[in-house]
Amino acid sequence: MSNTTINRRDYAVSEDGSNSETARDIDELRRQVDEIVQSTPVVDLHTHLYAPQFNELGLWGIDELLNYHYLIAELFRFSSVTYEGFWRLEKRAQSDLIWKTLFVENTPLSEAASGVVRVMSELGLDTSARDLRQAREFFESQNAEDYLEKVLEITRVTDIVMTNDPLDEIEIKTWNSGEKIDSRFHAALRLDRLLNGWADAVPLIKAQGYDVKETIDDATIKETRRFLDDWIGRMKPLYLGVSLPDDFAYPEESARGRLLRDAVLPTCKEHDVSLALMIGVRRRVNPALKLAGDGLGRADVGVVSRICAENSDVRFLVTFLSRENQHELCVAARKFSNLMPFGCWWFLNNSSIISEITRERFELLGTSFIPQHSDARILDQLIYKWSHSRRLIAEALFESYAGLWHNGRRVKRWEIERDAEKLFSGNFRRWVGLDAGGQSFGTEQNYNETK
Ligand code: FIX
Ligand code: ZN
């Protein structure tokens, strides 16, 4: 399998000075930005994708694409099918119903529906088909390994960070098998079930040989840290992560507050590993929708400021789910250099909001943030999620350069390349210590411009 590696690009001004040229006019600047952003490799820092070694956890193809929980939620807005009626259907019958309802009987205008159209178009499939026969024939003819290469080539995604649950049976089996994981897939140790569901997690952690109790005392903290140490040793995660509700408070006299303070944060310090806080999700606001039933709420960004202030030696990756929290997150990031805002998460991953958030981040943070992750659950989604994000980030970046031009400074091509690399991979690489085959990107010495 050819490993998609990053071609080390030398940002020193080329012999003929071609990459030091500044655009002659604003239209050329726009073309330069579009071309560079479209071709810049991406490290996708948060997905629900899995390396091929995780077998059935890895999802791809038209029936998985159409059964994406975003589309299931949208189906019930148009169809009279009952929740029970839908869940009783086989997967193919579910995707047939979703296709007929959202793509044939109605116009697929939502981000999630329009995204499926983009994937099909990119793959040369009939986006106006009345049924899924042609699409299914195409995917049935694909070899999983070759298809992975095809998607990574189309999207120029070089590295994918998974979401790994140390309490999941298939994950435990795969990690304990010692099987070599595709090096383009990296682990993120996800702590939701430990931090947000401690009582249910206790028996599962005990079953792995750790003597933890529901009542959290020093002995349980010690055993929980041993559990985390062992999983960090097994997974070598790029970061630890957790999603948190909109009413998340810290400090807090709760299982979560105690475990976060006495187990997780000390573990991050000891292992020098970053902690990702994904805040603002209201789980199961409509349980009948299952995975599609989550909502959001505006959270208190002050919590993040407190955690960053009290743990200045921990690097935090932070994203909020509420649009109303985004400006406050930018301001908090200006106060704490151990706070790295990332992504336009979930319900924010829509063109109008990506544009707004990215522009305010450039205005408040320069290039010191990570604009996007895909959150892809199905491999094919990388095609549309990165296509629309690259376009929108390029637009916002161009606007920022145009403003600088207006104020009296023109950027050189190599500066655009440098900035794009920071935004799409370098900032994350440096934050978590992920180098690109022995080279570090995004630092000034990489960009020796001949004087
Ligand atoms: O907590 C998360 O990682 C969320 O991204 C998921 O729970 C959510 O279902 C999702 O996939 C959103 O895009
Ligand atoms: Zn996610």
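**Entry 1: R283 and D294**

I started with R283 and D294, whose side chains meet in a salt bridge, 2.8 Å from N to O. I'm keeping in mind that this is a predicted model. Where does each partner sit? R283 is in the loop between β7 (281-282) and β8 (295-296), and D294 is in the loop between β7 and β8 too, eleven residues apart from R283.

Then I looked up how open each one is. R283 has 41% relative accessibility, so I noted it as partly exposed. D294 comes out at 6%, so it counts as buried, because buried means under 20%.

**Entry 2: R92 and E140**

Next I checked R92 and E140. Their side chains form a salt bridge as well, at 2.5 Å from N to O. I found R92 in helix α5 (residues 91-104) and E140 in helix α7 (residues 133-140), so I wrote this down as a link between distant parts of the chain, 48 residues apart.

Buried or exposed: what is E140? With a relative accessible area of 54%, E140 is exposed, because the cut-off for that is over 50%. R92, at 42%, is partly exposed.

I also followed the partners onward. Salt bridges that share partners join D63, R92, D96, R136 and E140 into one network.

**Entry 3: E252 and R256, plus the total**

I looked at one more pair, E252 and R256. Their salt bridge is 3.8 Å, N to O. E252 has 22% relative accessibility and is partly exposed, while R256 has 14% and is buried.

How many salt bridges turn up in the whole structure? My search found 38.

I traced two of them to their places. H48 lies in the loop between β1 (42-44) and α2 (62-66), and D375 lies in the loop between α16 (351-365) and α17 (381-407). So this pair ties together parts that are 327 residues apart in sequence.

H48 is at 15% relative accessibility, so it goes down as buried. D375 is at 8%, and I marked D375 as buried as well.

Conventions
Residues numbered from 1 in each chain as written. Chains lettered and ligands numbered in written order. Predicted model: local features only at pLDDT ≥ 70, side-chain atom pairs only at ≥ 80, totals over all residues. Heavy atoms only, no water. Helix = DSSP H or I, 4+ residues; strand = E, 2+ residues; numbered from the N terminus. Buried < 20%, exposed > 50% of the residue type's maximum accessible area, 1.4 Å probe, protein only. Salt bridge = Lys/Arg side-chain N within 4 Å of Asp/Glu carboxyl O.
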